[in-house]
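Subject: Structure handover

Hello,

Here is the structure I promised to pass on. Please open it beside this email and follow along as you read.

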Amino acid sequence: MGPRGEVPLTEPEEIAETSPLTRYEIASRRSVDTDPETITLRAPESRDGAELWRLVRRSGGLEENSCYAYLLLSTHFASTCVVAESAGSIVGFVAGYISPSEPDAVFVWQIGVAPSVRRRGLGKRLLQRLISCRGARSARYLEATVASSNLPSRRLFDSFAAELGVTCRESRGFEREDFGDASHEAEHLLRIGPLPESQECDESH
Ligand SMILES: CC(C)(COP(=O)(O)OP(=O)(O)OC[C@H]1O[C@@H](n2cnc3c(N)ncnc32)[C@H](O)[C@@H]1OP(=O)(O)O)[C@@H](O)C(=O)NCCC(=O)NCCS
């Protein structure tokens, strides 16, 4: 680790595998500043889709979807998604949407933070920004499903709820057999809220 807590975001061999270099890879060759103060949050754009896909692939703990899915999230769902950027590289994201069947809930489909910047409050910042997005204005609850073995994820949602001073209720989400794959863990549904009414809206997002 460098003097300002700088660490390379990827292993050099991972960079060497892919050619030609993408914007993400070029940024990865620089070091990423892990100081939380220098990480900015913004809405995703179409150019971010492929980078999000890469972040998911290298982060671990997240189910990998197609690059096309991340392109859709970065465009059609941009008003309920947030990316975290440091030195031109995406180091975290949350992908959410307003539940079609329950419009009072913003559902977190995926949240991921690059290993080099974990446990510095970025996950909570992403959730906080999500609930202040214009697209999530109607949401009174934040929902997500979490596997029992995913302690970091569970702690993130519990801590987020505690900071807001609201409850995090757990109920049945998706059972193992719902995934059609015996090795897939069941996912419990977490429902956090009611979200504070005074939540300030970010008009730019
Ligand atoms: C889950 C994840 C997004 C958390 O991001 P993060 O930036 O490290 O989270 P934060 O720093 O905001 O931490 C939030 C809380 O969780 C706790 N936490 C985070 N990682 C933890 C770990 N590995 N073990 C124990 N507690 C942990 C923190 O201590 C903090 O609690 P506190 O506020 O009481 O101190 C990150 O670990 C990740 O990307 N994991 C892989 C992808 C994943 O599993 N995503 C969730 C499923 S969609």
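This is a predicted model: local features need pLDDT of at least 70, side-chain atom pairs count only at pLDDT 80 or more; totals for chains, interfaces and linings use all residues.

**Overall layout**

The protein chain has 6 helices and 7 strands. In sequence order, the pattern reads α-α-β-α-α-β-β-β-α-β-α-β-β. The chain has 205 residues, and 35% of them count as buried.

**Helix α3 and what follows**

Start with α3, which covers residues 49-59. Its buried residues include Glu51, Leu52 and Trp53. Arg54, Leu55 and Val56 are buried in α3 as well. Glycine 60 follows this helix. Its phi is positive, near 75 degrees.

**Helix α4**

Next, find alanine 69. It sits in helix α4, residues 67-75. Is alanine 69 buried, exposed or partly exposed? It has 17 other C-beta atoms within 10 Å, so it is partly exposed. The cut-off for buried is 20 or more, and for exposed it is 12 or fewer. Alanine 69 can also be placed relative to alanine 50. The two are 19 residues apart in sequence. In space, they are 9.6 Å apart, C-alpha to C-alpha.

**Helices α5 and α6**

Two packed helices are described by the angle between their axes and the distance between the axes. Here is that description for one pair. Helix α5 spans residues 122-131, and helix α6 spans residues 151-164. They pack at an angle of about 60 degrees. Their axes are 10 Å apart. The two helices are therefore oblique to each other. The crossing of α5 and α6 is right-handed.

Which residues of α5 and α6 meet? From α5 come Gly123, Lys124 and Leu127. From α6 come Leu156, Ser159, Phe160 and Glu163. By class, this contact has 3 nonpolar, 2 polar and 2 charged residues.

Helix α5 has buried residues too. They include Leu122, Gly123 and Leu126. Leu127, Leu130 and Ile131 are also buried in α5. What covers the buried residues of α5? The cover includes the strands β1 (40-42), β2 (81-86) and β3 (89-98). It also includes β4, β5 (141-147) and helix α6.

**Around the ligand**

How many residues surround the ligand? There are 21. The closest are Gly61, Arg118, Gly123, Pro152 and Arg155. Helix α6 gives the most, with 6 residues. By class, the shell has 7 nonpolar, 9 polar and 5 charged residues.

Two residues come up here. Alanine 87 is not a glycine, yet its phi is positive, about 50 degrees. It lies in the loop between β2 and β3. With 15 other C-beta atoms within 10 Å, alanine 87 is partly exposed.

Arginine 119 is the other one. Its phi is also positive, near 60 degrees. It sits in the loop between β4 and α5. Arginine 119 has 11 other C-beta atoms within 10 Å, so it is exposed.

What does glutamate 170 touch, leaving out residues up to four places away in sequence? It touches His188, Leu189 and Leu190. Histidine 188 is 18 residues from glutamate 170 along the chain. Their C-alpha atoms are separated by 6.5 Å.

Last stop: the segment after β7 (187-193), where proline 194 lies. A cis peptide bond joins glycine 193 to proline 194. Its omega is about 0 degrees.

Best wishes

Note on methods. Residues are numbered from 1 along each chain as its sequence is written. Two residues are in contact if their C-beta atoms, placed from the backbone, lie within 7 Å. Axes are lines fitted to C-alpha atoms, for helices over the stretch in contact, and angles run from 0 to 180 degrees between N-to-C directions. Helices (H or I, at least four residues) and strands (E, at least two) are DSSP runs, numbered from the N terminus. Angles under 35 degrees count as roughly parallel, over 145 as roughly antiparallel, 65 to 115 as roughly perpendicular and the rest as oblique. A crossing is left-handed if the near helix is turned anticlockwise from the far one by less than a right angle, and right-handed if clockwise. Ala, Val, Leu, Ile, Met, Phe, Trp, Tyr, Cys and Pro count as nonpolar, Asp, Glu, Lys and Arg as charged, and the others, Gly among them, as polar. A residue is near a molecule or strand if its C-beta atom, placed from the backbone, lies within 6 Å of it.
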